[in-house]
Amino acid sequence: MKKIIITQALLGLGLWLLSFYILHVPQIERLLLFGMLVILPVTLYLTETKDRNGNFFKTYLLSIHLYPIAALLAFASYFYPIGLTAGLLSSGWLLWTAMVCCYGLFRLLARGMKRIEEISIDIGLIYLILGGIWFSIFQFGIDVMEFGPVITLLTAIHFHFSALITPIFIGLLGRVIRQHNGYLPPLFRIIAVGVMLSSLGIAIGITYSRVIELMFVVIYVGCLWIYAYFTIVTIRRVIKNKYGYILLLSSSATLIITMGLAFYYGLGRLLHIEFISIPDMVSLHGIGNAFGFVFLGVMGWVLVNPKVKENPYGIPFSNYYGKWKIGADFFQEDKNSGPYKGLVDDITTFQQPGFNTNKVHPEIRSFYENTKDYQLISSVLWQKGFHLLSRLYKVWSSQVEQINLPLNNEGIEQNVESKIIAVDNNKDGREKVRAWIRTSKETKKAVFVAAYSYHKYQNNVYVNIALPLPLGQMTGILRFKNPQSENKNNGFILTSKGEQDEGIYYVTKWFSIRLPINERFLVWMPTDTNVIKATHEMWMMGKKFLTIDYEIEKRK
């Protein structure tokens with residue numbers, strides 16, 4: 001892939017140099033062409049993302065292979081006067097920026113709101129579509145809100161350079177810092193958020209308010225000066241490639257000057273005083289940013305080439321996807337596997353930092369290893385504020401027969417029958433897969449249908465639970481921990497909260513989304529009874545919406 005991208009960038013550079021002889025366009029448009037033909041392919045290389053199996057995102061591959069067509073269409077649009085033909089040709093570039101936006105969006109959705117440095121890279125990729133939109137508006141000759149062609153073109157340049165590049169540079173810097181320190185300092189998190197918000201805020205300010213524009217310009221300039229400080233001072237001993245560091249040093253030194261000009265220009269717009277004219281801004285700020293900050297920075301980061309510390313992509317999800325109805329018969333028993341007695345074969349498989357299996361009560365261990373021998377009685381409580389949602393959810397879950405929980409007014413206890421069957425590992429794609437199927441004794445409908453497995457990554461071992469849903473599945477990736485509470489320390493916590501693979505995901509054949517949902521199981525053995533107690537709590541966007549209490553005991 002690297003050879004393809006280098007070839008694209010070199011051909012783009014050749015085409016851009018040729019444009020001086022065959023295209024008569026203003027300097028500002030030639031800068032935009034430089035970004036499209038030279039900077040964009042190399043920037044995409046900086047965001048290259050592989051999963052743990054070495055596979056690329058499909059949207060990334062499409063972006064790379066379709067880039068030459070999009071770039072040639074954008075270049076060809078300059079041979080026609082602004083209007084219908086130029087606009088139609090520019091639409092190819094717009095569609096390509098939409099593909100890059102999808103790449104950034106799918107990276108973000110698959111990982112969730114983890115790793116602010118990776119979020120910053122995603123946001124840069126997503127912003128590019130705004131550059132494509134404004135470029136097409138310019139080429140069609142559409143006057144939006146009476147901006148005029150110059151402001152329209154400057155907005156397109158903003159989203160092809162600053163809004164795209166700076167969040168990606170911030171993200172790459174974060175990778176270097178995390179690799180070296182193991183964490184990110186609070187100041188870095190502040191500038192990452194500042195750059196992500198101000199890139200869009202400046203454009204909003206240009207549209208609606210010069211006060212808003214100046215406010216975000218100040219934030220943007222301050223954040224980038226701190227970025228320059230981090231690059232010049234903080235990580236100089238961390239970066240091993242001295243040529244890469246020299247390029248980043250030169251890029252950041254240029255940035256300090258050009259951002260000063262940006263602040264000066266924004267202040268002039270607020271005061272209605274022309275401190276710097278637009279032509280001077282193009283010559284000083286535009287050229288300095290394009291060739292100093294951006295080009296030297298891109299080349300420097302290519303040489304440094306920081307990688308993600310822990311790869312969040314490539315979690316082994318099940319290959320089973322639901323249709324409209326799930327039900328108790330969704331999984332077919334595999335006679336060549338198993339038989340399995342419990343949700344896990346041996347709980348010591350999950351021995352890891354933070355979880356000492358020797359502390360787990362023998363009866364709790366027996367339940368997880370011999371689940372067939374136990375019965376469960378559950379009590380469901382939907383939290384205040386979610387009663388309407390629970391009623392709507394009940395209509396859906398009763399029809400689908402999956403995660404079919406009672407309402408608060410349907411009785412406190414739910415008595416279920418359960419069975420565990422072996423599932424074909426080859427069809428599922430994971431190892432030692434078994435399905436736990438729970439049905440209501442009263443309605444005979446499925447309450448819970450899930451395929452259990454586990455996976456390991458680095459020093460952690462995760463429970464990997466796939467629940468088929470219409471058109472996909474919901475997968476819970478949970479990790480065991482020892483509880484700190486003294487009266488419950490003979491059990492364990494099983495949680496989706498964490499910085500690694502943990503999470504609740506919606507998975508389809510085409511993409512996966514890390515949902516804003518978390519769950520936690522607390523299982524313990526009271527000292528005054530032989531009944532295992534468990535509490536299952538769920539949160540949506542940080543707010544608890546469901547609590548299920550269980551009593552678990554051996555069948556008589």
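**Exercise 1.** Describe the second largest cavity by volume and lining.

Solution. The model is predicted; local features need pLDDT of at least 70, side-chain atom pairs count only at pLDDT 80 or more, and totals for chains, interfaces and linings use all residues. Residues are numbered from 1 along each chain as its sequence is written, and side-chain values use heavy atoms, without hydrogens and water.

- Step 1. On a 1 Å grid over the protein atoms alone, a cavity is a set of points where a 1.4 Å probe fits but cannot get out. Its volume is the space filled by probe spheres set on the points, which are joined across faces, edges and corners. The second largest cavity has about 120 Å³.
- Step 2. Its lining (residues with an atom within 4 Å of a point) holds 14 residues, with Lys114, Glu310, Pro312, Glu499 and Gln500 nearest the centre.
- Step 3. Sorted by class, the lining has 7 charged (Asp, Glu, Lys, Arg), 5 nonpolar (Ala, Val, Leu, Ile, Met, Phe, Trp, Tyr, Cys, Pro) and 2 polar residues (the others, Gly among them).

**Exercise 2.** Which residues lie closest to the centre of the largest pocket, and how does its lining divide by class?

Solution.

- Step 1. A pocket is an open set of points with protein on both sides within 12 Å along at least five of seven lines. The largest pocket has a volume of about 940 Å³.
- Step 2. It is lined by 46 residues; Ile403, Leu467, Met474, His536 and Met538 are the closest to its centre.
- Step 3. The lining comprises 39 nonpolar, 5 polar and 2 charged residues.
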